[in-house]
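Please read them with the structure open.

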Amino acid sequence: MIRPTADSANDAALELHGITKRFGAITALDNVSLRVRHGSIHALLGENGAGKTTLMRIAFGMLQPDSGSIRVNTQPVSLSSPADAIAARIGMVHQQFSLVPAMSVAENVALGGKGLYRYDEVAKQIADVARRTGLELDPSARVSDLTSAERQKLEIIRTLAHGADILILDEPTAVLTPQDIGELFDQLRAFADRGGAVVLITHKLQDALAHGDDVTILRHGRAVAHARMTEMTVPLLTASMLGAAPVSSLSEKKPPGDFGIAASLRGVTLRDRHGAIRGPIDLDVPRGQILGVAALEGAAGALLRALSGRLRPEAGSIDAPSLIGFVPENRQEEALIPDFSLTENVALKDAGRRTGLLDWSYMRDRAMNMIDAFDVHAPGIQAPARDLSGGNQQRFVLARELHDGPPLLVLENPTQGLDVNATAAIHDRMRATRDAGTSVVFYSSDLDELAEVSDRVLVVGSTHVTFCEPDREVIGGLLLGSRPPASTHDS
Amino acid sequence: MTAELAFITDALVRATPLIIAGLAVALAFRGGVFNIGAEGQLLVGATASAAVTLVTGETLGGFSVVVALLAGMIAGAFWAGIAAGLKARFHVLEIISTIMLNFVAIHLVSYLVRGPLQEPTRIYPQTETIPAMSRLPIVLPGTRLHLGFIIAAAAACVLAWFLAQTAPGFRIRAVGASFRAAWSVGLINTGKTSMWVFLASGALAGLAGSVEVSGVTFALYENLSPGYGYTAIAVALIAGLNPVGVIASGVFFGFLETGAIALQREFAIPASLASVAEAVLILAALSIAVTRGHGLPGTRRAPVQ
């Protein structure tokens, strides 16, 4: 069913030719071509808004191009809906999961299929996919019990079970831990080795470089580079994506300054979201340092929330300042109220402590100061937060949390989902905050980011915490060493 | 008095409990509390008002009506408090408990007007009528328009001001818009805020019942409310949960229902046509809310705990 990999010029699984797409006055894609070979992982790189997702939505039949043609296995096709794309053996895994949590793995796989639902048949399909790619899941498990990594896996299994030879993945690593990312790429490689074609939409250069065979780079809706990955380096990729020298300031570290201690934990035990007890933890958080926190999925959440005063410890004492900046992981749900205006989102900070009348003119002034100081591009301070791009939302949140000069700033995955420029801007702010003598504590699931930005790294294990130097290999080794003994995470 | 004036004032009288109960629903929904029990809270409010007025008789003089309204608010808050307590203690969904408490309230009224509160002749299933001095004053002589309408309009303005300008009002809106952000950013005690919203919503619904007893019916009986508490949900939704908008939508529904009764009387057009019109309006309002992408207030994804 999968075409063998050929060396001829006809080894293209998916070809998009001269695709142009306009939304009103905006040209999202301008004469873009893309050629994905059988047996390869093709990285599609670009900043937010470069047109990566739009291009792949066209390849999956969700959008129709204004001009241009699509070929699958060298045959011209017309894709007027995702159903057409699935019939052409194209599958897409979106950035947002589209699973029904209350249903089993098998039922989710059967969704979108035809005819009657028979558990045995679906289970057989799933086993079949496992045999081909190593992607394995218990078909009877409930989706609500799965981790994000397993849900991601299920999305891919479902696509493959529907017969996809061409797999499009939109930012698949955003929600995964480093270990899970490694596993995902092993499985994608196994799929490609059997002749499948993978299109990987990503903005993580390292992932693309390490695992891609070919690369296409989009900038402002144009394809600015097509190449074999072996010809590429990080500076070359960055230059193509940004159209100029990388804007990210070079990693500058400082020896730990002596500003004293911002917060300390003594014999603290915590109950995490899953009810597991962690600790006891003893920890001093020094001022004037960026302390990176590395942990396996979910392990750091309770610690960061306890440090920022959002979680009461089960035992022990926490000595932390009363004023703490906190930037939670999930911007849209925890850091902002998308329906509220920027001014109202400013008023939200400390709303629990206020009494009497709100001084809206004071709030408006604060909001103005924040968007000026942090270069937030917004239609205005009365615009709802949902109208801002992800990078601007994050700068706005950071501005709000830093506005009153807290001695401690706690961040969770602060650059998740942001493009290269927005990430650099956040990193620069973190460094400036550190230089002003504030203690910056941030969790990241990206080891490269931890190694690049941290002055010191705290590795959180299931029972204890360890400090180490900001070195990718050292952190990775400690993390793997801290992995709880088997049986808790078999997949 | 012209027939037109009578019709208009009757419509405003009809609108009065709809506006006050509509405010109860709007406040609850803005605060993320799905209080469907305005009907029950309204009935216990009416019951408490009637009972307090009849028990105190003429001893309180002019304060009698004030005491009656306060008693209705306390009773409504208490009735809502049962559902609020069940939610806080046992995680019982308020959408279920408040609906069930509506039926309890209906049967409570049925029992009381045939038992302890029945009028002395023991013929009619209703209470004695309340003394004239305990009634809400008429604001437009020669009509039935009573002070309750002014109270309703004032309550709407106060509630709008409260939500927009005060710290507790802002907390209510924040908790309603995003439970998790309210806690995570604002360190708002969301449980406490929900509890207060629930009680205040119940008090408003109770006030609607008190005003109806003190201004219109002057006695407690079964079917005192032709579903005011349910129509109030439509009133609140069509107003976009905006308190000042509730005045307009409440008056609109008042005209609709009063007009339907007149049509039935004069031209034998079924009054249920008004119910059909109301249902169409609700569906239209919901479609607009959904297609604008905001969803229904209070139906946003529940926090994952």
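Predicted model: local features only at pLDDT ≥ 70, side-chain atom pairs only at ≥ 80, totals over all residues.

1. Contact between the chains. On chain B, 17 residues are in contact with 20 residues of chain A. Two elements of chain B each give two or more residues to this side: helix 6 (167-177) and helix 7 (179-184). Helix 6 of chain B supplies the largest share, five residues. By class, the side of chain B that touches chain A has eight nonpolar, seven polar and two charged residues.

2. A helix pair in chain B. Look at helix 1 (residues 3-30) and helix 5 (residues 147-165) of chain B. Their axes come within 8 Å and cross at roughly 20°. An angle under 35 degrees counts as roughly parallel, so helix 1 of chain B is roughly parallel to helix 5 of chain B. The crossing is left-handed. From helix 1 of chain B, the residues making the contact include B:L12, B:I19, B:L23 and B:R30. From helix 5 of chain B, they include B:G148, B:F149, B:A152 and B:L159. By class, this contact has twelve nonpolar, two polar and one charged residues.

3. A sheet in chain A. Three strands of chain A form an open sheet, in the order 12-11-14, with antiparallel pairing. Strand 12 (277-286) and strand 14 (315-319) of chain A are at the edges. Each has a single partner strand, so one side of each has no neighbour in the sheet. On average, neighbouring strands here are turned by 10° against each other, direction ignored. Strand 11 (residues 261-271) of chain A is joined to strand 14 of chain A by four bridges.

4. Two residues to check. Most residues other than glycine have a negative phi. B:L241 has a positive phi, near 60°. B:A268 also has a positive phi, near 60°. B:L241 sits in the loop between helix 9 (228-238) and helix 10 (243-267) of chain B. B:A268 sits in the loop between helix 10 and helix 11 (272-291) of chain B.

5. Buried or exposed: which is B:L241, and which is B:A268? The cut-offs are 20 or more other C-beta atoms within 10 Å for buried, and 12 or fewer for exposed. B:L241 has 24, so B:L241 is buried. B:A268 has 7, so B:A268 counts as exposed.

Key. Residues numbered from 1 in each chain as written. Chains lettered and ligands numbered in written order. Contact = placed C-beta atoms within 7 Å. Nonpolar A, V, L, I, M, F, W, Y, C, P; charged D, E, K, R; others polar. Pairing = 2+ DSSP bridges. Axes fitted to C-alpha atoms, helices over the stretch in contact; angles between N-to-C directions. Parallel < 35°, antiparallel > 145°, perpendicular 65-115°, else oblique. Left-handed = near helix turned anticlockwise from the far one by under 90°.
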